Amino acid sequence: MSRESALVTADWVQEHADDPGVVLVEVDEDTTAYDKGHLAGAVKIDWRQDLQDPVRRDFIDQQQFEALLSQRGIGNDDTVVLYGGNNNWFAAYAYWYFKLYGHSDVRLLDGGRKKWELDSRELTDERPVREAATYVAQQPDLSIRAFRDEVVDAIGTRFLVDVRSPDEYAGRLLAPAHLPQESAQRGGHIPTAANVPWSKAANDDGTFRSDEELTRLYEAAGLGRGTDGGKDTIAYCRIGERSAHTWFVLHELLGHDNVKNYDGSWTEYGSLVGVPIAVGDEPGSG
Amino acid sequence: MCGATQGGLTLDGIDLTTQTVIQGVVVRAAESLPGAYVRLLDSDGEFVAEVATSATGHFRFFAAPGSWTLRTLAPRGVTADRAVVATRGEVAEVTVILG
């Protein structure tokens with residue numbers, strides 16, 4: 001994976017949006033954003049309604065993913081370009097999801113919705129009509145998804161990276177500051193996790209920083225160079241969307257091989273009984 | 001206090017005994033500005049959160065007590081920084097005026 005195969009610019013989207021085989025997909029935290037205006041031709045995926053099981057706390061399964069993409073008119077050979085608000089947090093989460101179910105050509109629009117809006121590029125409220133497709137998903141690729149027991153075992157051994165803000169890491173805040181402070185039972189972080197906020201990987205306009213800047217950022221935090229000089233890594237945040245952004249940087253842009261996103265993240269870990277927690281600005285010991 | 005509004009945003013449903021609220025409006029050329037981006041930076045200049053302003057130009061953050069900076073981004077490369085101090089149980093109201 002590389003920047004060229006994983007990321008497209010706004011200019012690229014304007015040139016290729018109408019190409020057959022290119023499907024634009026908006027994924028947002030604010031699921032009403034699409035309804036107010038979106039890129040011409042884009043379909044919507046609601047990260048909560050469409051991507052989460054309605055009862056259990058888990059993903060939709062392989063068959064549900066097949067049904068979703070088929071209904072949206074997305075085929076296995078399509079080039080899927082994801083974008084969204086919040087600096088592409090949920091678009092990156094969806095990207096990771098598409099990869100988990102084996103979609104071969106999926107990309108992120110660099111800068112997402114914000115960059116598009118700040119450039120004063122056009123939005124429309126017209127909904128595209130796409131004929132249903134027959135999508136076949138692969139078995140979930142669990143080499144990119146971490147679960148809680150693996151995370152506990154990784155304390156002091158793997159490179160754990162907490163990508164939340166410094167105040168969330170230290171336990172002074174329990175959720176991002178644009179959301180009410182409701183979250184896990186306890187504040188703090190997983191012992192030995194480094195704090196590299198996702199925002200350090202992005203410019204103010206939401207585009208990703210250069211490969212050189214990104215490499216330096218994670219090297220300074222103790223992660224070696226990709227593709228083989230790095231350590232086995234697990235990224236987490238509060239609910240797994242910001243850490244999907246960092247997973248994208250490490251796995252897709254910088255080419256680190258073994259990087260997992262822990263989507264249970266702090267809302268799960270910080271509510272587990274009996275697991276170690278570190279508070280304050282230091283990583284703590286394992 | 002119930003239903004009281006300050007700066008145009010209702011505080012219904014927000015428990016001010018537990019929340020530290022920073023909110024306000026972005027204004028350009030005497031008009032409130034929807035679709036601007038407001039970033040909340042901590043006292044070290046670290047990014048903490050970001051929201052787009054509403055149809056009426058308003059924004060809101062749930063922060064912690066302390067000193068913060070609001071960085072506003074608007075089309076045409078316009079940015080503005082405003083310092084704000086937040087206190088638990090109070091609403092820090094900020095009007096960001098873009099030149």
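Buried area is the accessible area that two parts lose on being put together, summed over both. The model shown in these views is predicted.

**View 1. The interface of chain B and chain A.** Chain B and chain A bury about 1,800 Å² between them. Of this area, 55% lies on carbon and sulfur atoms. Chain B gives 23 residues to the contact, and chain A gives 22 residues. On the side of chain B, the residues that lose the most area to chain A are Tyr37(B), Phe47(B) and Phe62(B). Together these three account for 30% of what that side buries.

**View 2. A salt bridge between Arg71(B) and Asp204(A).** The rule finds 4 salt bridges across the interface of chain B and chain A. The side chains of Arg71(B) and Asp204(A) meet in a salt bridge, with 3.4 Å from N to O.

**View 3. Helices α9 and α10 of chain A.** Two packed helices are described by the angle between their axes and the distance between the axes. Helix α9 of chain A covers residues 211-220, and helix α10 of chain A covers residues 242-253. Their axes come within 11 Å and cross at roughly 110 degrees. Because angles of 65 to 115 degrees count as roughly perpendicular, α9(A) is roughly perpendicular to α10(A). The crossing in which α9(A) passes α10(A) is left-handed.

**View 4. Residues in the contact of α9(A) with α10(A).** From α9(A), the contact is made by Asp211(A), Leu214(A) and Tyr218(A). From α10(A), Thr246(A), Val249(A), Leu250(A) and Leu253(A) take part. The residues of this contact divide into 5 nonpolar, 1 polar and 1 charged.

Key. Residues are numbered from 1 along each chain as its sequence is written. Chains are lettered from A and ligands numbered from 1 in the order in which they are written. This is a predicted model: local features need pLDDT of at least 70, side-chain atom pairs count only at pLDDT 80 or more; totals for chains, interfaces and linings use all residues. Side-chain values use heavy atoms; hydrogens and water are left out. Axes are lines fitted to C-alpha atoms, for helices over the stretch in contact, and angles run from 0 to 180 degrees between N-to-C directions. Helices (H or I, at least four residues) and strands (E, at least two) are DSSP runs, numbered from the N terminus. Angles under 35 degrees count as roughly parallel, over 145 as roughly antiparallel, 65 to 115 as roughly perpendicular and the rest as oblique. A crossing is left-handed if the near helix is turned anticlockwise from the far one by less than a right angle, and right-handed if clockwise. Contact means heavy atoms within 4.5 Å. Ala, Val, Leu, Ile, Met, Phe, Trp, Tyr, Cys and Pro count as nonpolar, Asp, Glu, Lys and Arg as charged, and the others, Gly among them, as polar. Buried area is the accessible area (1.4 Å probe) that two parts lose on being put together, summed over both.
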